[in-house]
Structures are given as structure tokens and as C-alpha cells.
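Here is a short briefing for a first look.

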Amino acid sequence: MDICIAIVAKIVEYAVAPVGRHVGYLCLYKSNLDELKTQIENLMHVRERLQHSVDQASRNGEEIETDVYNWFMKVDEIVDEVFTFLENEALAKKKCFSGTFPNLASQHRLSRKAKKMAQVVCHLDLQRFDTVSYIPPPQRSIQNYGCEEFETRTPILNDIMKALRDPSFRIIGVWGMGGVGKTTLVKAVARQALEENLFSKIVFTYVSQMPNIENIQQQIGECLGINLRGESVSERAYQLRQRLRNEYKILVILDDVWDKLDLEAVGLPFGDNQKACKILLTSRFYNVLYRDMGCTARNFQVGVLKENEAVSLFRKIVGAPAEKEHAKLLATEIVKECGGLPIAITTVACALKNKSYAVWKDALYELRKSNQINNEGMDEKVYSSIKQSYNYLPSVEAKSLLLLCSLFETISIEALGNYGFGLNLLEDVYNLEEARHKTLKLVEDLKCRSLLLEQGDRFVELHDVVRDVVLSIASKSKQMYYIRNAAEFDAFKGSHAISLCNINVDECPETLECPELKLLSLKQIKSDSLRIPNRFFEGLNTLLVLDLDGVNLEPLPSSICFLQNLQTLHLVNCTLGDISSVGELKNLQILDLSYSSIEELPSKIGQLRSLQYLNLQCCHCLKVIQPNVLSSLIHLEELNLEQSFSNWKAEGVLEIGNLSHLINLSLNVLNVNYWPEEMFREKLIKYRIVIGTEAPIGLVENNSSRLLMLKLCPYSELNEHHFEGLLKNSEDLHLIGLKSVKNVAYGLDSNGFPQLRQFRLEDSTVIRRIVNSIGNILSHPPALPSLETLHLEGLKNLENISHGNLKAESFGKLREITVRNCGKLKSLFSLNIARKLERITVEDCMMMEEIISDGREADVLDDNNGSPKQNKTCQLHSLCLEKLPKLELFCSKFITPENVEEEKIDDSAMPLFNGKVEYPKLESLELHSLQVQKIWNHQLSSSCNFQSLKRLIVVGCDNLKGLIPPSMIGNLQSVRVERCKAMKEVVYFTENSRAEEEMEKNTLLKLESLVLRHLPNLERFSAVDCLDCSSLLKLEIIECPKLKTLIRHSLPTSNIELEGSKDLVDMQPLSSQEAIVLEHAKRPSKRGNYKQRPQSGWSETNQARTTGVTSPTDASSEAKQTPKLIGNKEVILKLDFRNKTTTRKIMRTVIDISGVMSVAMDMKAQKLTVTGTMDPVLIFNYSRPRGHVFSQDEVAGANLDVHVAYY
């Protein structure tokens, strides 16, 4: 009986208890909900308190514990889940009570879930942490601040690190001007070297201008942790050497080396027997590193900051005031005055921190004023460092030239030489050619000392801060002034040199009284209203150099005749009329009228018998040069008529030819028949001569010192042989319409043009070969051994570039070749020549069959054994092939790679690259309108052949079915495919390959741009639809009607893990009327504030550039635009949904996307307007925080007309 009772009790317990629990859920429905609300409220209070501790720890530079991070993530998840639950509960309650009785099933379900969620919340609430953070371990040894933030420093730092890793480099140099950040950079190097465990110890010591060996030894000893007991320098040096030899790996940094430092005397073991010790030096002077310290292998120059970097540094120091709109422009102007020098920017920014706007304006005024009389207000470190560099210059000439440079914001090296020559600053110089050489030598020395900067190839300048210091020195010691206001003339009557920029009309005095003035420079933006007063020059009897730029000198002031001692006259970019009075300046040696409006060179200019330099460059109005003027200038050494007078007669050209001292000539003669035969056969040292055609506009930018452009007339009696004197000596040669020579190189110069660097041949029907060496090869010198660039165009009958074997040096420096419209040419070069080429462009050559030949007809022989070389690796960086209908192979099939057995290949589908040669450096490949069926050879090639390929463009290749195999996609950054009728897939696999395995090894991680246009048969991107394209910035698809699925799980999302994320691009078939153009930019993600809930999709730092779904016409134009990083934007979507519920659903989802500030819906216009910093793609393609994702029907059912406006 007892047993029966026990059994019945158990049955009742198991049967009734669950019923009771379920009934309890109904009875305690409100209580469970209230408990959940209370628990979640308490949890949020706990979260907030813990957040305060985390914030405080972060401000103190402490690291947050991992379990704290995990707790915050769990709390955010449960809070989000509870809020969603409560929203659904309120909606369910409303529906339940809309009828007569409540929905008991719904109440039971909600009550049960509320109780379970409350248990999870309670568990999180009870979890406590003893500590939320920890202090990270300190850096070992040297610390550095700020260097990594600047992009100009990163490449230098990486190169130094590369040199430190290389065991062949024992001593490495870093040089740059004082205050530019050398010390900061090497400290960053030291820190990174420690992090990479390159060295066991790093020793840092400061040397200075007056090195104290004992102090240096003491600093090294302290870094090594040893007590130097020796009394003498030699004893301490011995102790250091012994200790350093026991160290396994050590780096010694010697900072600020001014002169030669004896490393052995210091105690630094440096030689072949000390393999573990490396030395890193910094100096202001390149020559100290290279010559005195023996650092000949690796020296790195540190330049100034870029403008954006300098502004960023200034704003970082100053703080919030620099971010205000009215202060941004002022901050930029202040930074410009600091010249990109970190020490100057830091000094000024620290001084202006927490100061008013008025103080900032006054600081800018003082910086512009330059404080030339004294250096108050300039940081003494900046001033002293630059002044020391000036004092350390080795000669008076160098100091004088630097002071002269400071008078000009930018100055050409040619003008600098002219001024130096006119002021007699250059010692032992008696003619202009000697002055040119001396100036170049001094400029190079000043650049090596970081006191001068290159501004292009022909100009130099000083950093603004350096210039202020040098101007201060010039004003104090040499009475040389750079002034900004003509009203200050009276204050500088005792000046020796004055430079005034942008003089105003009403400022110019009637007479300038400066009896000791040697140099005067006035510059003004060209204005017809600004004229120099007639008596202006009367008080300048001692003037040697006059430089007027952009001034109206029509008529020329009569007082110019008072300048009888004048030696250099520059009237550049001036409005000029009659300049006959210039002929009265009998001592004038240099006359520069370039870019002026002069119309006639009068006969009185012929009276300047001492003139050595006449510059009429770009005087486009010059129509008349009086007879016998040029022939009267008997001492003329340099004559420049480039882009100027060109309508010469034979007599005028002959006048120039008879100038016996002429060594530098720039000239344009339109009629080739007026050129005297064999003129200038030997005597010209520099020349830039154009004959028979107008000079190209861009010729002025060409820096070749010996250039000849010759266009022959078909009916002229003159041919190319009449110009051999100029042809043979040219560095840059452009020949059009050659008439009598079939073989160019040895036909025009038996020496094979040894000096020629750039060679361009156009429009000739007689040329058969560029080089023909058939015969005794020993009788021919190397052909074109210095040639770097070769351009061949319109040579209708050109059969070979080279015919016959050549000596080893032939074409030895050729790096770039362009061939266009050469109808009979079948190949370019043999492999031994072509393997050195870096750029190849071949277009419109109807008979071209292969680019690299087998060398049977022409090759370069080895110096040792007289046989062709066998290197099978090409140095090619860029290749462009266009409209070559007969091209089958890039490299001849008869070339057999070394150590590779020949395999049988199906000739019916011979690939363009047949695997005979490797191309490890090829970065850019363009193929246009070729008939090839395959590009790559899968049997012989390997991924290393094209390991550097970054850019691939294929257009109009109708026989290609696939673009590229997966083994070659690893480094691709840009892919564009257009108008390939047979193309079915982009990344394709061979029959025997395993697609999934191949794609695991090869990804598209570096792909930034993908453009697919007008591909009627393209079905897919790849057989594997899960490719990693997380770096993609631009996606453009136009008229690909068969393309169904592009890429799954591949385009960029944030660094936050997404659960249940959908395909970004998983589209319906695209008709010819549709296009997708997506562009976006990535930024490094940052750890967000814990007060924010985790967001799906991109993080706030991943902001968009330009995104949208556009029409085909809009797509092409959008694709050409350069993407720009933006801040806030307004996105307008035109919606045409099936029902209002879907529209409201979209609005609720969009508001939760990261970066969205506001959402507005215009039901009448059916437009959704979203404002914020979000990515526009997220509006219709990404999920909201609670897991909702737009369905295919929702996206496909919407007519999305996206307009993005940035502000």
C-alpha cells in the first residue's frame, strides 16, 4: 500500500508541478515583467558605474582587462535583447486586449521568457571585478613620441629598419637640417628594433658640435649598466670595447654628429671582427656621414613635414581652439610660416596654446615680419641650430650665396649664378661658364647641409624658418634686407641689397636714395597700372644687379642710364616697349628679358660688347631682331631664344653661327633650308635646338642639356647628314621624316650614339632598322649604350629594331620603349635586350607576332665567351599591348628556359605568356583588342612569375573566356574588364584544379577596384563565390546581363564580428539598363565607447566616399571621379515599396545604423532622407543592431534612386 501511495505521489508531482509552473507563468505575468524591468535597470546602473572606472583607467593610459571587455559585450547583448522583448510585449499586449478576452498563450510565452531573461540579467549583475585595468609594462630603453603619425616619416623609418636587418650594413646614417626631427625618428627606430628583438641592447648618446669623449663614454656606460673605472679616455675606451664584444646584438646610436668622430677612441668596436655591433648616426651634414664617418652605403635624408602633417601637429598641441571655424584658416597660415619644421611648429603651438584669437593674429604678423632686426620671439633652439649651420659653412662664397638666396622666396639656379656673377661673389671666376660650375658646386654643398631645398629640377629655396634666421644674419652683418612694403625704403638707405615683393602702385618713391646699394629686386604681379617713376634710378650709381619682375616698363624710365656700373639686368615678365636705352649700359654682362612683351630687339643692344648672356625665352611677341645686333655681341656665351622668335632668315641664323664664344644656345628655326650646313659641328657645350617645326609647348619643362628636334622637308636639299655635328653629341634626339638613311645608329654615327639618352623617331618610309650590325661585330662599337628611352612611331617600313649580333653594352641602359604604327615590325628585341626593359608599350602594329624574339637574327653577346647571355628573368614593370591582330605570343616559343624540360602545349590555344620567361616585377598589364584565347600558361608558369601584378586592364579581347587564375590574384589592386564578348568568368580554374583549396591559398585581400563593363556572357566572378575582398574601395558593374551572383561574404565590413551577416552583393540578373557603382573608403577602426551598443555593419570610422545605384550614363561619369573622404552627408532615397508597412520597417531599421543622425520620410514624394556620417550602402544593404536584414524582395521591390550630398 505504501508503495502504491509513493508511486501515486510521484505521478501527481510530475504531472501537477509542471502544470503549476505553467499556471504560475500566467498568474505572475505582470510580476515577471516588472522583475525583468527592475533587474535590467539595476544592471544598467552597474554598467554605468563600471564604465566610469574604465574611462578613468583609459585616461591614465592603463589597459582594460579582457574579462571586463567580455562582460560589457554580454551586457550590451542582453540589454538589446530585453529592449526588443519589451517592445514586442507592448505590441502583443495591445493586440491581445483589442478583443474581449486576453490571449493566454501569448501571456504564458512572454512571462516565461521574461523570467529566464531576468535570471541572465541577475547573473551578470552579481558578477564583480576586483580590478578593471592594469598598467602595461614599460618600454625597454628608448621611447619616442609622434614620429609614426607622419606619412613622410614612415617610409624612411621602414628603410632604416630594413638596413638594420641587413647584416651587410654595419653603419647607417640619417641626415637633415636642425630641428627637422632626426632624433625623434631614430628613437622610433630604436623602439621598433626592441619590439622586433633585433638587438639585445640599444645605446643612445648625444655627440654635439663640440664632442666630449668622456661624456660620450659615460652615456654609453650608463646605457650598458657598467661603471667605467678607468681614469684616462683610453682606459675607459678599452673597458667599453671589452664589454661590447661580449654583447650578442647591440645598436649604438650617436646623435648630432658635426664632425669626424674617432670610434676607436670612444671605445666602439667597429670592424669585420665585430659582427654584432651596429652604429646609427645622425648629422646635419651629408658629407660628415659619407666622407668623415665612412657611412657610404646607407644614408637617409629627413625632410620637413607636409602641410597637412604640420597642421595636424599644430592642432594636436593647441587643442580645441584650432578646430573652430574662424581659427582653422589662421592656424594653417601660422603653420606655413613654420616651414614644416617640427621643432618650430611645436614651439609656436605651445606658445599659442590657451591664447586668444587676437594673440594668434599678432603671432602670425610677427612670424611674417620675420623679426629681421632681432630674433626675439623665435625659439633659441631653432635660431641657434640654424645659425650654427650657417657659421659652419666652409667658405665665404657659400655664406654669401646662402644670404643671397634668402632674399628670394624661390630662385632658379641659373638666376642665382647670374646674381652671384654680377655681384662678384664668386672667387677666381672670369666668365659665365665658370660661374655656372661654381654655383652648382656651392648649391650642392648647401643642399647636403640641409640649408637649401630643391624646388623642381631648376629651382632652390630655403625653408621659411631657415630663411628667417638667414635674413636676420644678412640684415645684421651684410645690410641685406627682404622687405614687404616700399614705405620702408627710407629706413634702409644704407643697404647693400634690398628685395621687395608685390610692390603697390602708390608705394613706389619718385627717387630711391641708396648710394651703397648693390642689388635691387622688385617683384609685382603684372599690372598695367604699375609703372616705375622716371627718376627712380637716379640715386643708385653703385648698383650692380637689378631684378624687375612683372613691372610695367613702357616706357623705360630714362634714369636707367644712371646705372653705368650695372652688370646684371633682369626684366623678367615685364611689359616692355622700346629698350634702346639699355644699350647705354656698357658694363652690362647679363641681360634677361624672358617672358616679357618685347616686340623688337633694337640695334642699340648691339653696343653691349661685354654682354655674355642674353635670355629671350618665351618672348612670344618678339617679331623683329634687327640685323647685325647678335653678331655685334662678340663676347656672348649664352643665347636663349626658346619658345620665342622663330621666323629666321638664313642671314640671321648665320649671325648666330659666327659668334665665336657661344657655348650655350636655345633656338627654333622654322625653315630647315635656312640652316647652314655643318654649323656648330663641335663648339656648343649645351644646346636645345628645334629645326623645321614649331617647338612643342612642353619643351621648356624638358631638362636635357643637349637636345635636337629635327623635321626634314621632303623637297628640301638638306638631309639628316647635314646635321651630323649636332646629332652625334645629342642627349635627347627627336627626328621626323628622315630621308636617306635606312639603318639609323651606325648610319648617322659610326660610334653608335654613345651619349644619346632619349631617342624619338617618327614618320619615315626609308628606315628599315634602327641598328644593323651585320658584318664584323668587332669593327662596331656598342650601339646606343646610354639610351634610356626609345620611341618609334609611323615608321612604315621598319622591319627590325636590331639586326645582327651586338656587343654587350648595346642598349645596356634601355628601360622604356614605345612603338606605334610600325606596320612591318614583327618583334621588338631578343630576350637579352628585352629582359632589362621596365616599360613596354606597343600599339597599332598590324604585323607584330611576338614581342620578345628568339634572338636568331639579333642578340647581345656575352663579353666573356662571345655567345648570347641566357638570363630568363625580365625586369618589366609595365606592359601595354593594343591593336596587334597577329600577336600570338609575348615571348618566342623557341626560347627554352634553363633547367626546364620542354613540355608539349596545345598550339591551338597557345597562351600569350607561355612560361618561357619569368616576370617577377610586372605590376601593370594592359591588353587592348588582341585575338589571344588565353593569357597565361598553366603548365609552365608559377605564381612567382607574376607575383607583383597589381593592375590588370583587358579591353576588347573577344576570344578570352576567363581572365586570370587564382595563383596570380594575391597582389591585385585594380581590375578592369570591358567589351570581351566571350568572357564567362573573371577568376577561373583549370579542369584538374581544386577550386576551394586554391582559393584558400590565394585571396583578393588587396583588391581595391573592380570594374566590369559590357560583358554580355559574364556569368560569375568565380566558381568559388566566397572570396575575401575586404579592401575593395570601388565596384562598378555595367551591362552584364547574365551576371547573377558576384561575390559572397567578401566586401568590406567593420572589424566587429557580424553574426548572420548576409551577402553584400548577391544580385538578381543585371539587365543592360541597370548598373551598380559602389565606392567606399576604409579607415582604421577604433575601440568605441562602451556606452554605445555594438553595431552591425561598418563601424563609425569606416565612412563612405561615394555610393549609389545609378543609371549607366551616370555610372561612367561617377567612376571617373576621384573618391574623397567626407564627413557628414545627406542621402536621399526614392522609394516605391509595395506597402506602407515595409516603408515603416525600413525607417525603423535605418535609424539604428551606425552614424545615422536623423531620418525623415516624405510620403507624397516617396523620398527617404537620411543625415549623418553613415555609409549609404548600409541604408539598404546592412542589418540593424537587433538582427533584422532586408530581404531580397524588399531590396528588389524598391526603386532606389540614391542621391548623396556631402557637407
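His928 counts as buried because its relative accessibility is 12%; buried means under 20% relative accessible area, exposed over 50%, and partly exposed in between, with a 1.4 Å probe and protein chains only. This is a predicted model, in which local features need pLDDT of at least 70, side-chain atom pairs count only at pLDDT 80 or more, and totals for chains, interfaces and linings use all residues. Residues are numbered from 1 along each chain as its sequence is written, and side-chain values use heavy atoms, with hydrogens and water left out.

**Around His928**

- His928 sits in strand β37. Helices (H or I, at least four residues) and strands (E, at least two) are DSSP runs, numbered from the N terminus.
- Its side chain makes a polar contact of 3.2 Å with the side chain of Glu926. A polar contact is a pair of N or O atoms within 3.5 Å; within protein, one must be able to donate a hydrogen and the other to accept it, and residues adjacent in sequence count only if both atoms are side-chain atoms.
- Leaving aside residues up to four places away in sequence, His928 touches Cys880, Leu881, Glu882, Lys883, Ile953, Val955 and Cys957. Contact means heavy atoms within 4.5 Å.
- Leu884 is 44 residues from His928 in sequence, yet the C-alpha to C-alpha distance is 8.4 Å.

- β37 (residues 924-928) runs parallel to β38, joined by five bridges. Two strands pair if DSSP finds at least two bridges between them.
- Glu926 has Ile953 in β38 as its bridge partner.
- Ile953 also stands opposite Arg976 in β40.
- Five bridges link β38 to β40 (residues 974-978), again in parallel.
- β38 (residues 951-955) is mostly covered, with four of its five residues buried.

**The five-stranded sheet**

- An open sheet has the strand order β4-β5-β6-β3-β7, with parallel pairing.
- Its edge strands, β4 (201-208) and β7 (299-301), each pair on one side only.
- The twist averages 15° from one strand to the next.
- Seven bridges hold β4 alongside β5 (residues 250-257) in parallel, and Phe204 stands opposite Ile253 in β5.
- Helix α7 (residues 213-224) packs on the sheet and touches β4 and β5; its direction makes about 160° with that of β4. Axes are lines fitted to C-alpha atoms, for helices over the stretch in contact, and angles run from 0 to 180 degrees between N-to-C directions.

**Helix α16**

- Helix α16 (residues 396-405) is largely enclosed by the rest of the structure, because eight of its 10 residues are buried.
- Among them are Glu397, Ser400 and Cys405.
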